[in-house]
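Subject: Structure for your files

Dear colleague,

Here is the structure I said I would pass on. My notes follow below it.

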Amino acid sequence: MNVIENYPLIKLNTFGIDVKAKYFTSINTVNELIEIKKSEKFKDHELLILGGGSNILFTKDFNGLVILNNIKGKEIVDQNDDSIILKIGAGENWHELVMYCVDNGWGGIENLSLIPGNTGTAPMQNIGAYGVEIKETFVELEALEISSGKIVKFSNSECEFGYRESVFKNKMKNKYIILNITLELNKNPILNINYGDVKAILETKKIETPTIKDVSNAIISIRQRKLPDPKKIGNSGSFFKNPIIDINLLKLIEGKYPNVVSYKINENKFKIAAGWMIEKAGWKGKKFNNFGVHENQALVLVNYGLANGKEIFNLSEKIILDIKEKFGITLEREVNII
Ligand code: EPU
């Protein structure tokens, strides 16, 4: 076990925030993880498990032990003519997994192309994009229970997936370390191309019977157009969730803004585009020193240089207050704040 003190985390979070971990180690196997958990020195320290670091904003140094989950591996558990069941180590890069599946013609996660982060953290917030969420292909995961050191399985229903939600962000928060996940992919993929932007790209390219590779390429080009590449500009994707509101509030907003962007969930509930509200409130493209609101997607806060996490957090507070004042809606952060 190689534990380093005062370890810089700047390269391990996609926001590119320059903070340090009091202790840091990287684990490649479950046994290494169990060994650390047993060690006297670290048993009372606060623990932070990092995957791809793509959904986290550090506002200060971390005064405990950061463990980089680097457990790799892809294993075909079962397959037949229709589907394939794949078990993937938590430390595998998510987009590389998507490319592996697309190249093999296994459908189900192609709409989730180019999402930053690792496979093990994908179920924590039920990653989703362009009409698809991971819960649709998810079978189960294995996780280490921190208190007992036991390996426990969570089925799809036990993960309690919701919109950017799972049991691991709620009642099981900080209680488990995800070791691997199992997905069921389709060998005769049913494509989901209903999302406006995806349809438009396929039409422009005159692709009438798209393959999963075509869908993946379309998604990659939309993301590259709208979302900043974390390797160039620090960010964590959508900073806020799209709020779910009552029809009466939506009608009130429609009275003032007839072009409001919303999606029906049921007769009474609608999801409203937070990016649209933040743009309407005048924040889109705003730059303050070396941080701001992205110019192509107002839901994304960005670090242009060496901004510190507190500044970005304070900006998010101001946006929340302003949206509350202008639309009567309290935005909720999607990103984990440390
Ligand atoms: N919009 C604006 N102004 C903006 C941004 C968006 O008017 O600055 C409008 C768009 O014109 C569009 C609507 O809002 O009509 C929705 O925008 P977009 O398609 O970009 O998606 P989003 O709702 O802002 C969500 C996810 C993204 C995901 C996309 C595509 C959340 C919090 N975010 O964003 O996920 O890629 O849909 O499915 O649900 C992420 O979670 O990190 C993420 C990037």
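L97 lies in helix α2, which covers residues 94–104; helices here are DSSP runs of H or I with at least four residues, strands are runs of E with at least two, and both are numbered from the N terminus. The model is predicted, so local features are given only at pLDDT of at least 70 and side-chain atom pairs only at pLDDT 80 or more, while totals for chains, interfaces and linings use all residues. Residues are numbered from 1 along each chain as its sequence is written, and side-chain values use heavy atoms, with hydrogens and water left out.

L97 is buried, its relative accessible area being 0%. Buried means under 20% relative accessible area, exposed means over 50%, and partly exposed is in between, with a 1.4 Å probe and protein chains only. Not counting residues up to four places away in sequence, L97 touches K74, L86, I88, I109, T119 and L183, where a contact means heavy atoms within 4.5 Å. K256 is 159 residues from L97 along the chain, and the two C-alpha atoms are separated by 44 Å.

Helix α2 comes up again with helix α4, as α2, β8 and α3 (196–204) are what the buried residues of α4 pack against. Those buried residues are I212, V215, S216, A218, I219, I220, I222 and R223. Helix α4 (residues 212–226) has 15 residues and should span 21 Å at 1.5 Å a residue; its end C-alpha atoms are 21 Å apart, which agrees. The expected span is 1.5 Å times one less than the number of residues.

The other helix I looked at is α7 (residues 309–327), with 19 residues. From its first C-alpha to its last it reaches 27 Å, close to the 27 Å expected. Its buried residues are G309, I312, L315, S316, I319, I320, D322, I323 and F327. An α-helix has 3.6 residues a turn, so residues three or four places apart point the same way. The cover over the buried residues of α7 includes the helices α5 (247–256) and α6 (274–280), and the strands β4 (56–57), β17 (287–288), β18 (291–293) and β19 (300–303).

Strand β18 holds V293, which counts as buried at 0% relative accessibility. Leaving aside neighbours within four places in sequence, V293 is in contact with W283, K284, G285, K286, A298, V300, L301, V302, Y304, L315 and I319. L315 and I319 are also among the buried residues of α7.

Outside four places in sequence, N69 touches I27, I49, L50, A90, G91, N118, I177 and I178. With neighbours within four places set aside, V66 is in contact with L9, A21, Y23, F24, T25, L48 and L50. I115 is 49 residues from V66 along the chain, and their C-alpha atoms are separated by 23 Å.

On the backbone: most residues other than glycine have a negative phi. Y130 has a positive phi, near 50°, and sits in the loop between β8 (128–129) and β9 (132–133). Y130 counts as buried at 10% relative accessibility. N174 also has a positive phi, near 60°, in the loop between β11 (151–155) and β12 (176–186). N174 is exposed, with a relative accessible area of 63%.

Finally, the chain as a whole. There are 7 helices and 20 strands, and buried residues make up 47% of the 338 residues. A compact globule with 338 residues would have a radius of gyration near 20 Å; the chain has 21 Å, which agrees. That radius is taken over C-alpha atoms, and the globule rule is 2.2 Å times the number of residues to the power 0.38. The C-alpha atoms fill a box of roughly 60 × 55 × 35 Å along the principal axes. Among contacts between residues at least 6 apart in sequence, 59% join residues at least 24 apart.

Regards
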